[in-house]
Amino acid sequence: MRFALVLSLAMLTIPGVLRGQKPDSTNANAEIEKEILKIDDEKDHAMQRYVASHGEVGGPELDQIYADDLVFVNTHGGLLTKAQRLEDLRSGNLKFISFGRDSYSLHVYGDTVVMTGRATSEVVYMGKVNRIPRRFTNVYIKMAGQWRLVAHQATTIAEP
Amino acid sequence: MRRFLSTVLLAVSLAGLIKAQELTGDKAEQVKKDILKIEKERAQALEKGDIAVLDRILADDYVYVNVFGELHSKVQRFSTIRSGVSKHESLQEDDFRVHVYGDTVVMTGRASGLVNYRGKVNDKARRFTNVYIKQDGQWQLVAHHATTMAEP
């Protein structure tokens, strides 16, 4: 019985040890891509609720998705911790007029996923309206069986 | 024998469960040193336009987001360097924060210096995020994202 339990646990977790693989189009990666898109959508929805409610709703979901050591670089090059990012969202500095993401690509490396995309949300930040699309990079890492956002960076798209 | 096998399986399993947490301690410090060494090589190679060194450091599926929000592949990045469209006249990096998660490293930093891009010189400081992955025993840069630092 004990052996069977250990074997089951091993079967669940050994695949996680196979890391650092090059990205490919295997079924396993297709499944991971689905999971990441789902969690990224959940993050965005939780963030909208959190902003709209000044931190009353959506906090537990964001807390689950944001890794404790999250590094967040905003479109002004500001580097925020998880606590600072949550405070920024809660403070009322940011408001969403609309929310959107119109393209993305994912690279899977075992338990790490690098996602790049283009966000088309219209936002008001510290009283200034920003309708310019932004390019973002999200880095997700699977920790204790759950995908968590460890890094985000965004850059306003502009003519060189 | 069965007990031994159970112990081995359990040890491997637990390693699998905890591996993605941020690493600390001597091993993490060594990884940080290795990454900062590679980062220095990368900066020097960018100043010299040394494609051979960059080819070794950048993964084949490298994704690059520049301060204008343009998304380039490794091939596109090398094309802009070879053609002179993108030229780092000088490059300094500092304010590094390095997070180690097993075979993944996420680092942020600040870059300054002169960059000539499409005929325009940019001397503004940039914040960047780099993602390194260990593949076949070698750390390679899989993503670089830069944003100009400015007042909101």
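Residues are numbered from 1 along each chain as its sequence is written, and chains are lettered from A in the order in which they are written. Because the model is predicted, local features need a pLDDT of at least 70 and side-chain atom pairs count only at pLDDT 80 or more, while totals for chains, interfaces and linings use all residues.

**Overall make-up**

- Chain A has four helices and nine strands, where helices are DSSP runs of H or I with at least four residues and strands are DSSP runs of E with at least two, numbered from the N terminus.
- Read from the N terminus, the elements of chain A follow the order α-α-α-β-β-α-β-β-β-β-β-β-β.
- Chain B likewise contains four helices and nine strands, and its pattern along the sequence is α-α-α-β-β-α-β-β-β-β-β-β-β.
- In chain A, 35% of the 160 residues count as buried, a word used for a residue with 20 or more other C-beta atoms within 10 Å of its own, whereas 12 or fewer make it exposed and values in between make it partly exposed, with C-beta atoms placed from the backbone.
- In chain B, 34% of the 152 residues count as buried.
- Of the contacts in chain A between residues at least 6 apart in sequence, 50% join residues at least 24 apart, a contact being two residues whose C-beta atoms, placed from the backbone, lie within 7 Å.

**The sheet of chain A and its helices**

- Six strands of chain A form an open sheet with mixed pairing, in the order β2-β1-β9-β8-β5-β4, and two strands are said to pair if DSSP finds at least two bridges between them.
- Strands β2 (79–80) and β4 (101–109) of chain A stand at the edges with a single partner strand each, so one side of each has no neighbour in the sheet.
- Strands β4(A) and β5(A), the latter covering residues 112–119, run antiparallel and are joined by eight bridges, and A:Y109 has A:T112 in β5(A) as its bridge partner.
- Helix α2 (residues 27–52) of chain A packs on this sheet, touching β4, β5, β8 (134–143) and β9 (146–156) of chain A, and its direction makes about 135° with that of β4(A), where axes are lines fitted to C-alpha atoms, for helices over the stretch in contact, and angles run from 0 to 180 degrees between N-to-C directions.
- Helix α4 (residues 82–90) of chain A also packs on the sheet, where it touches β1 (66–73) and β2 of chain A, and its direction makes about 70° with that of β1(A).

- The buried residues of α2(B) are B:V31, B:I38, B:E39, B:R42, B:A45 and B:L46, and what covers them includes α3 (51–57), β3 (86–88), β4 (92–101), β5 (104–112) and β9 (138–148) of chain B.
- Just after α2(B), B:G49 takes a positive phi of about 65°.
- Strands β4(B) and β5(B) pair in the antiparallel sense over eight bridges, with B:D94 opposite B:R110 in β5(B).
- These strands, β4(B) and β5(B), form a hairpin with two residues between them, and B:G102 in the turn has a positive phi of about 60°.

- Most residues other than glycine have a negative phi.
- A:M126, which is not a glycine, has a positive phi near 50°; A:M126 lies in the loop between β6 (122–125) and β7 (128–130) of chain A and counts as exposed because it has 12 C-beta neighbours inside 10 Å.
- B:D95 in strand β4 of chain B has a positive phi of about 55° without being a glycine, and B:D95 is exposed, with 12 other C-beta atoms within 10 Å.
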